[in-house]
Amino acid sequence: MATALVTGGSGYIGSHTCVALMEAGWEVAVLDSLENSSSAAIDGVAAIAGRGLRLDVGDCRDRSAVERAIAEVSPDAVLHFAGLKSVADSVADPVRYYRHNLESTSVLLEAMARHGVRRIVFSSSAAVYGRSEELPVPETAMTRPVSPYGWTKLISEQMIADVVRADPRWSASLLRYFNPGGAHPSGMIGEDPKGGAANLMPCLLQVAVGRRAELPLHGTDYSTPDGTALRDYIHVMDLAEGHLSALEALASSAGGVSVYNLGTGRATSVREAVAAMREATGHPLPCRELKRRAGDVAELWADPGKALVELGWSAKRTLADMCRDAWTWQSSNPQGYRD
């Protein structure tokens, strides 16, 4: 049975990907600092999958922790999720983001090389495109991030690509995904941002359970049909299955780097997403209109055609599915994970 090491595997997208991997027959080991996540997510993954997985608590910037995990697990491949991910926080504290995200990637690549592990799936972001002039956005679109977070993703992509070019035995898949939401339909794992939610979906859910009085609606004067930003909201389980498809494709890969957009290909406004969550929760979800945030763009949605052709993957779940599953999680866990 093949084994995957998942960095950041107790985080939101990482934990759901662990479920997809284990249900497909992979053995999974997780390396996570738990700085922005909870070990309770690993318990939830094990309960859903019906078997256990290994958790090593350690930071991806810690060479000894990464070396130890790779040496003891001997993974066939690595999925790299570990990193900081808030656009707004990266604008406010760019040095922290560059240090954290780039160091974790470089330390991981060095350790993989030393141990002969040469397959990696990287959790990148549509933030690498910035204000794209091509909509929907293909993988060939110009990359020009508008936030430090986006730059850390693009530079990490470049690091990985350069490693592969230097040693053709490597193979890598760089997954640029758009706006994840939802939860596993069991309600046993979901999104539980520490330090306060910044993204739309968790903010809406926190309003629904009374943890917030209202939704801060950033930007209502964009040149879009209803004045709010247009995004591509993808169910986290579709995203998890995209990582599985990319990983399995690496097994038959002759080497090289592949880049894929993971999105639905549909543009949804923030107001439309709010309306869908109101329908799912049955709560009014009051909003307070605010100015645009630095680093946000008006429109961004995916052309996911390449992933369909080369990986056989496409997003199958709807916005309504996303909101329903997210509410199943949040209504059952109003305070999130309880360690």
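Predicted model: local features only at pLDDT ≥ 70, side-chain atom pairs only at ≥ 80, totals over all residues.
## Aromatic rings

Two aromatic pairs turn up in a search of the whole structure. One of them joins Trp329 and Tyr337. Their ring centres lie 4.7 Å apart, and the planes make an angle of 50 degrees.

Lys306 lies over the face of Tyr260. The distance to the ring centre is 5.1 Å.

## Helices H7 and H9

Helix H7 spans residues 200-208, and helix H9 spans residues 270-281. Their axes come within 11 Å of each other. They cross at roughly 40 degrees. H7 is therefore oblique to H9.

The crossing of H7 and H9 is right-handed. On the H7 side, the contact is made by Leu200, Met201, Leu204, Leu205 and Ala208. H9 contributes Val270, Ala273, Val274, Met277 and Thr281.

## Glu23 in helix H1

Glu23 belongs to helix H1, which covers residues 12-23. Is this residue buried or exposed? Glu23 counts as exposed, because its relative accessibility is 52% and the exposed class begins over 50%.

Glu23 still has partners from elsewhere in the chain. Leaving aside residues up to four places away in sequence, Glu23 touches Ile48 and His184. Ala49 is 26 residues from Glu23 along the chain. The C-alpha atoms of Glu23 and Ala49 are separated by 6.2 Å.

## Val107 in helix H5

Val107 lies in helix H5, residues 94-114. Its relative accessible area is 1%, so Val107 is buried. The cut-off for that class is under 20%.

Which residues does Val107 touch, not counting those up to four places away in sequence? They are Cys60, Arg61, Asp62, Arg63 and Val66. Thr7 sits 100 residues from Val107 along the chain. The C-alpha atoms of Val107 and Thr7 are separated by 12 Å.

## Recap

Glu23 is exposed at 52% relative accessibility, whereas Val107 is buried at 1% relative accessible area. H7 and H9 meet in a right-handed crossing.

Notes
Residues numbered from 1 in each chain as written. Heavy atoms only, no water. Phe/Tyr/Trp six-rings, centres within 6.5 Å; stacked < 30°, edge-to-face > 60°. Lys NZ or Arg CZ within 6 Å of the ring centre and 35° of its normal. Axes fitted to C-alpha atoms, helices over the stretch in contact; angles between N-to-C directions. Helix = DSSP H or I, 4+ residues; strand = E, 2+ residues; numbered from the N terminus. Parallel < 35°, antiparallel > 145°, perpendicular 65-115°, else oblique. Left-handed = near helix turned anticlockwise from the far one by under 90°. Contact = heavy atoms within 4.5 Å. Buried < 20%, exposed > 50% of the residue type's maximum accessible area, 1.4 Å probe, protein only.
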